[in-house]
Structures are given as structure tokens and as C-alpha cells.
Amino acid sequence: MPQAGIPKDPLAAHEVVMQRVRQFDQRRKEQRRTPLPDEARVNVTVFRNQLIHRFAAEVIEIGARGMRLAASVDQDIRLGDHCEISFSSSPLSGRNRMVIRWLQTHALIQVFGVEVEALGNRPDELGKSVHIA
């Protein structure tokens, strides 16, 4: 069964295949990802029952109510988890209480959204203030 876009003539088919190989090789050599500034890295501490899970994540987007973050696929991230986001090496230093509101798992990363946690949502936080950077 012939491939779509491949001519039946062997010489023409060879040229088409070689052109596709060169295009693939060129795309592979392109820089796919630039290094992130220090401000784009955060430490995430997830609180689930009595367990605490810490991991590093990268900031994709910051909005008025929360952030979109990316972490490696092997991290145990669940919807509704309470977490603390800390910017360790930036002018945004501090700790922010958040709730994980959505999660998308891809082949190599998990992209998840966190939203600022409202006061009084956690029993241990009643009457305490929340620091928002």
C-alpha cells in the first residue's frame, strides 16, 4: 500500500523521503526550549492528610487568582490538594497557600492550575492570615 504523498517512481520516492528526513533533522536541531529565569521556578509543598510531598515546578503563567505550573510526570498531584508555593530565589519570595484546581497529564510533564486558597478553607488556618506575593 503506497504512503500518502510518496510517488510510485522509485527515484522520485527516494527524493521525497530524503527531503522529509532533512526536514525532520532540521526540526530536531532547532532549540526547543530556552532556559527559564530563576523567577520561573517554584517549590511546591503538597499537604494531603498527614503527608507532605515536596517537588519543584516551573511557572507557565501567573494570573490574578492563581498560577499555571508544570512538573515532571512522576509527581503525585491530585485535584483539590492544598499546597504551598514558594519562590525561593526571586523578588517574589514568600509562601502562598493554594489549592490545585485542574490537572493535565502529558507524556513527560503534568500541567496544573493552582488558585489562591480562601481564608477559612483549612481547619488549621482559621483566623490566620495568608501571604500572597
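Begin by selecting Asp81 and Arg48, whose side chains are joined by a polar contact of 2.5 Å; a polar contact here is a pair of N or O atoms within 3.5 Å, where, within protein, one must be able to donate a hydrogen and the other to accept it, and where residues adjacent in sequence count only if both atoms are side-chain atoms. Before going further, note that this is a predicted model, in which local features need pLDDT of at least 70 and side-chain atom pairs count only at pLDDT 80 or more, while totals for chains, interfaces and linings use all residues. Residues are numbered from 1 along each chain as its sequence is written, and side-chain values use heavy atoms, with hydrogens and water left out.

Stay with Asp81, which lies in the loop between E3 and E4; strands (E, at least two residues) and helices (H or I, at least four) are DSSP runs numbered from the N terminus. Asp81 counts as buried because its relative accessibility is 7%, where buried means under 20% relative accessible area, exposed over 50%, and partly exposed in between (1.4 Å probe, protein chains only). If residues up to four places away in sequence are set aside, Asp81 touches Val46, Arg48, Met98, Val99 and Ile100, contact meaning heavy atoms within 4.5 Å.

Next, select His82, which lies in strand E4 and is partly exposed, with a relative accessible area of 21%. His82 and Ile100 are 18 residues apart in sequence, and their C-alpha atoms are 6.5 Å apart in space.

Now turn to the salt bridges, of which the structure holds eight; each is a side-chain nitrogen of Lys or Arg within 4 Å of a carboxyl oxygen of Asp or Glu. Select Arg97 and Glu84, whose side chains meet in a salt bridge at 3.5 Å, N to O. This pair links distant parts of the chain, with Arg97 in strand E5 (residues 94–105) and Glu84 in strand E4 (residues 82–87), 13 residues apart. Both Arg97 and Glu84 are buried.

For the last stop, select Glu115 and Arg65, which form a salt bridge whose closest N and O atoms are 2.5 Å apart. Here too the pair links distant parts of the chain, 50 residues apart: Glu115 is in strand E6 (residues 109–116), and Arg65 is in the loop between strand E2 (51–62) and strand E3 (66–72). Arg65 counts as exposed, at 58% relative accessibility.
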